[in-house]
Amino acid sequence: SSGINAEWPLRPGWFPKLIKLLGEVPDSQTDELLLSVCNDLKGEQKSFERILAIMKDDRTKIKANVKAGYLKNAYILAVNKKMREEIVELEKECEKQGDTQVREFCRKYLQHNKPPA
């Protein structure tokens, strides 16, 4: 494992330790490492936003929002980036998590934005 779980969730000084850890992995693995801690950030919005701010890839940001339970944020990001595939995935996730409101947003978006024939 990434070695961060001993500090989790959110012991004092966790953020600098995370940043140090990020310096030790290749850039290509940064988002993956950040994503791995998002499950532990449900209800910790400030901490989650700090992590999200470091992420580079939009798809990873969407996944992170889903993992942390911020489905509406994931939806807004996917729509802004016109990421239809992510919205299809998000709709399934809303089904699993019982979020009928965001699921409905996804369905409406998908109805109005059909894939190119």
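Keep in mind that the model is predicted.

Let's start with the packing. The largest nonpolar core has 18 residues. Which of them touch the most other members? They are L18, L34, C38, F48, I51, M55 and A64. Helices α1 (14–23), α2 (27–36) and α3 (45–54) each put in at least two residues. The top contributor is α1, with 5 residues.

Beyond its neighbours within four places in sequence, A64 is in contact with L35, C38, F48, L52 and M55. C38 is buried, because its relative accessible area is 0%.

Now to α7, residues 100–112. Does the geometry of this helix agree or disagree with its length? It agrees: 13 residues at 1.5 Å each should span 18 Å, and the end C-alpha atoms are 18 Å apart.

Which residues of α7 are buried? V102, R103, C106, Y109 and L110. Viewed down the helix axis, the buried residues fall within an arc of 125°, so they line one face of α7. Here is the background: an α-helix has 3.6 residues a turn, so residues three or four places apart point the same way. On the face turned away from the buried side, Q111 and H112 are exposed.

What covers the buried residues? The cover includes α5 (71–80) and α6. At the N-terminal end, D99 caps α7. A side-chain oxygen of D99 lies 3.3 Å from the backbone nitrogen of Q101.

Next, α6, residues 84–97. E91 lies in this helix. Is E91 buried or exposed? Buried, because its relative accessibility is 18% and the cut-off is under 20%. Not counting residues up to four places away in sequence, E91 touches R103, C106, R107 and L110.

E93 is also in α6. Again leaving out neighbours within four places, E93 is in contact with V66 and L71. E93 and V66 are 27 residues apart in sequence, yet their C-alpha atoms are 7.7 Å apart in space.

Last, the cysteines. How many disulfides does the structure hold? The count is 0. C106 is in no disulfide, and the nearest cysteine sulfur, that of C94, is 4.7 Å away. The cut-off for a disulfide is within 2.5 Å. C106 also counts as buried, because its relative accessibility is 0%.

Note on methods:
Residues numbered from 1 in each chain as written. Predicted model: local features only at pLDDT ≥ 70, side-chain atom pairs only at ≥ 80, totals over all residues. Heavy atoms only, no water. Buried < 20%, exposed > 50% of the residue type's maximum accessible area, 1.4 Å probe, protein only. Helix = DSSP H or I, 4+ residues; strand = E, 2+ residues; numbered from the N terminus. Contact = heavy atoms within 4.5 Å. Core = buried A, V, L, I, M, F, W, Y, C linked by side-chain atoms within 4.5 Å. Expected span 1.5 Å × (residues − 1). Arc of directions from axis to C-beta. Polar contact = N/O pair within 3.5 Å; in protein donor to acceptor, adjacent residues only side chain to side chain.
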